[in-house]
Protein chains: 2
Amino acid sequence: MTTDAPPVEDGGPTDAMVADVFQRDCTSRHVLAAVTGRWGVLTVAGLRDGAVRFNALRRRIDGVSEKMLAQTLQALERDGIVVREVRATIPPHVEYSLTDLGRRVADRLADLIDVLEGAVGEVEASQRAYDARRDA
Amino acid sequence: MTTDAPPVEDGGPTDAMVADVFQRDCTSRHVLAAVTGRWGVLTVAGLRDGAVRFNALRRRIDGVSEKMLAQTLQALERDGIVVREVRATIPPHVEYSLTDLGRRVADRLADLIDVLEGAVGEVEASQRAYDARRDA
């Protein structure tokens, strides 16, 4: 849906019919960027096994800063992909998990990750061939 | 595979066993970033219907600059996702298409895009609820 379209109050079929990630103002393009951005994809994939506390998630995603992970989680919460819950333990702690939509997204990302993790040899061979052509 | 690992000459099962997108130096994480980056995901998805010329692809991906699309295509070619071919027409022209690996990646991205384009109403409702809580 573009920003020029009238506001829609529910997720009826009309939304799906007009949504197009190739249009710059479409909400679907915004949320695609959120779940596939530099840290978004690893955050969503990292929540696939169940609720996780912030620091555990941060340890799993090698290289993410506290600030970037916090911003990523907040954006995903706003888009309805992630739920943030405060557990009434002593001391209280905060857990993050996926919504139903988040799980559907995470399953698709897991399929993509399987393909890429299985293609590492193929990718590295292509990189070497490309670099050899460039250097020739 | 991490950069510390010995070079591997083919895409044997060993690669898949050690590949882990959560590790910052893994080739699979690099290529995941390439196919899910700001323009990478739309470029791969935009090539799914067959070979396309540069300008046609650029028109399809609303908002991409000539420079960013060229850089994105070059990175995807190096990773073995995209093939660049010069057609011996008069005048000659350049076409881009997906490799076999690229098609497998594009199919997974298409599944993801289907989920998100169908969830636009749900995402927008979540955004409104989030903003209302924040403003309360």
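1. Surroundings of B:Leu76. In this predicted model, B:Leu76 is in contact with B:Ala34, B:Val35, B:Gly40, B:Thr43, B:Val44, B:Ile81 and B:Val82, once its neighbours within four places in sequence are left aside. The residue belongs to helix α5 of chain B, which spans residues 66–78. B:Leu76 counts as buried because its relative accessibility is 0%.

2. Surroundings of A:Ser97. With residues up to four places away in sequence not counted, A:Ser97 touches A:Leu47, A:Ala51, A:Ile81, A:Val82, A:Val83 and A:Glu85. Is A:Ser97 buried or exposed? Its relative accessibility is 16%, so A:Ser97 counts as buried.

3. Organisation of chain A. Seven helices and three strands are assigned to chain A. Their order along the sequence is α-α-α-β-α-α-β-β-α-α. Chain A has 136 residues, of which 47% count as buried. If one takes the contacts in chain A between residues at least 6 apart in sequence, 41% of them join residues at least 24 apart.

4. Extent of the interface. In contact across the interface are 60 residues of chain A and 60 residues of chain B. The size of an interface is often given as the accessible area lost when the parts come together. For chain A and chain B this buried area is about 5,600 Å², and 60% of it lies on carbon and sulfur atoms.

5. On the side of chain A that touches chain B, at least two residues each come from α1 (13–18), α2 (27–36), α3 (40–46), α5 (66–78), α6 (100–117) and α7 (120–135). The residues of that side comprise 25 nonpolar, 15 polar and 20 charged.

6. A salt bridge within helix α6. Over all chains, the count of salt bridges comes to 20. One that lies within chain A joins the side chains of A:Arg103 and A:Asp100, at 2.6 Å from N to O. Why are A:Arg103 and A:Asp100 separated by about one helical turn? They are three residues apart in helix α6 of chain A, which means a separation of about one helical turn. A:Arg103 is partly exposed at a relative accessible area of 42%, whereas A:Asp100, at 56%, counts as exposed.

7. Salt bridges within chain B. The side chains of B:Glu95 and B:Arg87 form a salt bridge of 3.0 Å, N to O. Of this pair, B:Glu95 is buried, with a relative accessible area of 16%, while B:Arg87 is partly exposed at 35%. Another salt bridge links B:Arg134 with B:Asp135, their closest N and O atoms being 3.4 Å apart. Here B:Arg134 is exposed at 56% relative accessibility, and B:Asp135 is exposed at 58%. Through salt bridges with shared partners, A:Arg78, B:Asp131, B:Arg134 and B:Asp135 are joined into one network.

8. Cysteines. How many disulfides are counted over all chains? The count is zero.

Technical notes
Residues numbered from 1 in each chain as written. Chains lettered and ligands numbered in written order. Predicted model: local features only at pLDDT ≥ 70, side-chain atom pairs only at ≥ 80, totals over all residues. Heavy atoms only, no water. Contact = heavy atoms within 4.5 Å. Buried area = accessible area lost by both parts, 1.4 Å probe. Helix = DSSP H or I, 4+ residues; strand = E, 2+ residues; numbered from the N terminus. Nonpolar A, V, L, I, M, F, W, Y, C, P; charged D, E, K, R; others polar. Disulfide = S-S within 2.5 Å. Salt bridge = Lys/Arg side-chain N within 4 Å of Asp/Glu carboxyl O. Buried < 20%, exposed > 50% of the residue type's maximum accessible area, 1.4 Å probe, protein only.
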